[in-house]
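Trainee: I would like to learn how to read the features of a model. Please take them by topic.

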Amino acid sequence: MHFLQRIGNAGLSAILVLAVTVVVYALWARSRAKANRKAEEKLQATIKSGKTDAYALYPKIDPDKCSGCGICTRVCPEGDILQMVNGLPALVSPTKCVGHTLCYRSCPVDAITMVFGSEKTGKQVPDYNENYETNVRGLYIAGELGGMGLIANAIKQGVYAATHAIANLDKSAPADVDVLVVGAGPAGIAASLKCIELKANFRCIEQNTFGGTVYNFPRQKLVMSHPAALPLIGKMSFPKNRIVKEDLLKYWKDVCLKVGLKVEERVKFVNAKINGKVFEVETSAGIVRARKVILAVGVGGTPRKLGLPNEDTEKVTFKLSDPEQYQGCKIVVVGAGDSAVEAAQRVAEQKLGNTVHLLVRGDALSRCKEDNKTKIEQMEKAGLVHIFYSTGVKEIHPDRVVLDKKGERVEIANDYIILFMGTIPPFDFLKSMGIGIRTLYGEPLSKTD
Ligand SMILES: Cc1cc2nc3c(=O)[nH]c(=O)nc-3n(C[C@H](O)[C@H](O)[C@H](O)COP(=O)(O)OP(=O)(O)OC[C@H]3O[C@@H](n4cnc5c(N)ncnc54)[C@H](O)[C@@H]3O)c2cc1C
């Protein structure tokens, strides 16, 4: 009898299903092998470049606990920072990790710890515990000042700090307030909302303007922010986790109006000294006696400078609030992170056109997001921006700058210099209040959720 007749229709179907399964599996295995090869190449390139240290909080994977499910490699909004290499997640782009912690949260087997600093290069952070209370009891740190960036993290920390501070109030000594919240960025706003929710007597002071670092973002900047729970309000979330700067500030302002949160603007915190059971806090508006103090002052205070003559002239600036003020100008932007790259893009896009040079100290744009890198490289191809790698500013003159470009002296005409070289953490200020500074070498900081 013919073979096909012998196995019948059912047998034929089974053979077909098996054949399709084998083909699908073979294709899947081939694409996995290709992805693995690419990820391994990326990892090797990172190791070769020496750029193996993350700047912020980053994931450390315990290979003994990891199940190899790969979920952590798919959740990061920054892209392929973690990728599967030989069955385990590997940090292939450490310099792009900004500490979202979504990989850590998504791990079903707790194989990820969020850590700071590498074994060779430690990272300095203020000394505080899992409640965000520093070694000076009653004095808390919340938000970016503690070493962790991002709006959602700042909100969570503000809430934790206020919750702990209020739960541990000692009302036996007289004071003006239970809690003094310093700074009205996301951490300070969240801490203040928690104070209102828990009916604590508090004040929130802000040396500049409500909104913190967000207030200083360039006009119409698209802010990425993951959902975060605001006390009294609930989840703060936006479509696709994006919102324009002005709308975010308006959202927070509406929240303040709704719950009656009044921020005292233009009031600067100077220092805090413990006197018995209360802190005597010196501010630009006088002394405030507070039972607890939450420092939510961020890290934007002291921008890194070049240390050159003429740096304090008007042509040099450390922020870009209004790109439209630059029209038909010759501009140098210094830095390799997102702030610098976005600033270069914004000034290069202006109607009347600007001549824009982006100066990068290293030989690649390894610190900014992939989409920012792609965009600026496209702009360079279109002749809108000139990117100079391995280049720094040597001299600043009213109408020109002298550059050191790979050891060569180059002079270009210049009207403005925009410096985005990061900020100097205010550790001396913290030390003056007795707060310790510790160095972490690939260790966890505190709780990260
Ligand atoms: C260019 C740029 C783009 C960014 N984009 C994003 C993004 O898209 N998504 C995201 O999640 N994060 C982003 N971030 C990071 C985010 O802005 C910060 O992590 C966040 O604002 C930190 O909040 P914070 O409350 O800790 O501090 P801040 O927002 O810095 O607020 C601190 C406040 O304290 C005040 N202050 C300081 N010293 C004193 C004092 N002595 N007395 C009184 N007040 C004081 C300051 O004036 C400031 O208003 C970006 C940062 C930058 C620089």
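Mentor: The turns below go from the chain as a whole to ring pairs, charges and backbone angles. The model is predicted.

Trainee: How many helices and strands does the protein chain have?

Mentor: The secondary structure comes to eight helices and 26 strands. The C-alpha atoms fill a box of roughly 105 × 60 × 45 Å along the principal axes. Of the 449 residues in the protein chain, 45% are buried.

Trainee: What separation is found between the C-alpha atoms of R32 and I287?

Mentor: These C-alpha atoms are separated by 64 Å, and the two residues are 255 residues apart along the chain. R32 is placed in helix α1. Its relative accessibility is 47%, so R32 counts as partly exposed.

Trainee: Now the aromatic rings. How is a pair of aromatic rings described?

Mentor: Two values are used, the distance of the centres and the angle of the planes. In this model, a search of the whole structure finds six aromatic pairs. One of them is formed by Y25 and W28, with 5.6 Å centre to centre and 40° between the planes, and this pair is tilted.

Trainee: Why are Y25 and W28 separated by about one helical turn?

Mentor: Because they are three residues apart in helix α1. As for accessibility, Y25 has 53% and so counts as exposed, while W28 has 43% and so counts as partly exposed.

Trainee: What kind of pair do the rings of F238 and Y251 form?

Mentor: Their centres are 5.4 Å apart and their planes are at 85°, so the pair is edge-to-face. F238 lies in the loop between β11 (234-236) and β12 (242-244), and Y251 lies in helix α5 (residues 245-259), so the pair ties together parts that are 13 residues apart in sequence.

Trainee: Is F238 buried or exposed?

Mentor: F238 is buried, because its relative accessible area is 10% and the cut-off for buried is under 20%. Y251, at 22% relative accessibility, counts as partly exposed.

Trainee: Which residues do ring pairs link into a cluster?

Mentor: Y128, Y132 and Y160 are linked in that way.

Trainee: Where do D170 and K277 lie?

Mentor: D170 lies in the loop between α3 (151-167) and β7 (177-182), and K277 in the loop between β14 (269-275) and β15 (278-283). The pair therefore ties together parts that are 107 residues apart in sequence. D170 is partly exposed at 34% relative accessibility, and K277 is partly exposed with a relative accessible area of 49%.

Trainee: Which side chain meets R400 in a salt bridge?

Mentor: That of E411, at 3.3 Å, N to O. R400 lies in strand β22 (residues 400-405) and E411 in strand β23 (residues 408-413), so this pair ties together parts that are eleven residues apart in sequence. R400 has a relative accessible area of 27% and is partly exposed; E411, at 46% relative accessibility, also counts as partly exposed.

Trainee: What else forms a salt bridge with E411?

Mentor: R409 does, with the closest N and O atoms 4.0 Å apart. Salt bridges that share partners join E395, D399, R400, R409 and E411 into one network.

Trainee: Which residues gather in a patch of positive charge on the surface?

Mentor: R30, K34, R37, K38 and K42 do. R30 is found in helix α1 (residues 3-49), and its relative accessibility is 63%, so R30 counts as exposed.

Trainee: Last, the backbone. What is the phi of T101?

Mentor: Phi of T101 is near 75°, a positive value in a residue other than glycine. T101 lies in the loop between β3 (88-91) and α2 (102-106) and is buried, with a relative accessible area of 1%.

Trainee: What is the phi of L150, and where is that residue placed?

Mentor: Phi of L150 is near 85°, a positive value in a residue other than glycine. L150 is in the loop between β6 (139-141) and α3. At 28% relative accessibility, L150 counts as partly exposed.

Methods: Residues are numbered from 1 along each chain as its sequence is written. This is a predicted model: local features need pLDDT of at least 70, side-chain atom pairs count only at pLDDT 80 or more; totals for chains, interfaces and linings use all residues. Side-chain values use heavy atoms; hydrogens and water are left out. Patches are made of residues with over 30% relative accessible area and no salt bridge: like charges are joined within 9 Å, nonpolar side chains (Val, Leu, Ile, Met, Phe, Trp, Tyr) within 5 Å. Accessible areas come from the Shrake-Rupley method with a 1.4 Å probe; for residues, only the protein chains shown count as cover. Lys and Arg count as positive and Asp and Glu as negative; His and the chain ends are not counted. The place of a charge is taken as NZ of Lys, CZ of Arg, CG of Asp or CD of Glu. Helices (H or I, at least four residues) and strands (E, at least two) are DSSP runs, numbered from the N terminus. Buried means under 20% relative accessible area, exposed over 50%, partly exposed in between (1.4 Å probe, protein chains only). Rings of Phe, Tyr and Trp (its six-membered ring) pair if their centres lie within 6.5 Å; planes under 30 degrees apart count as stacked, over 60 as edge-to-face and the rest as tilted.
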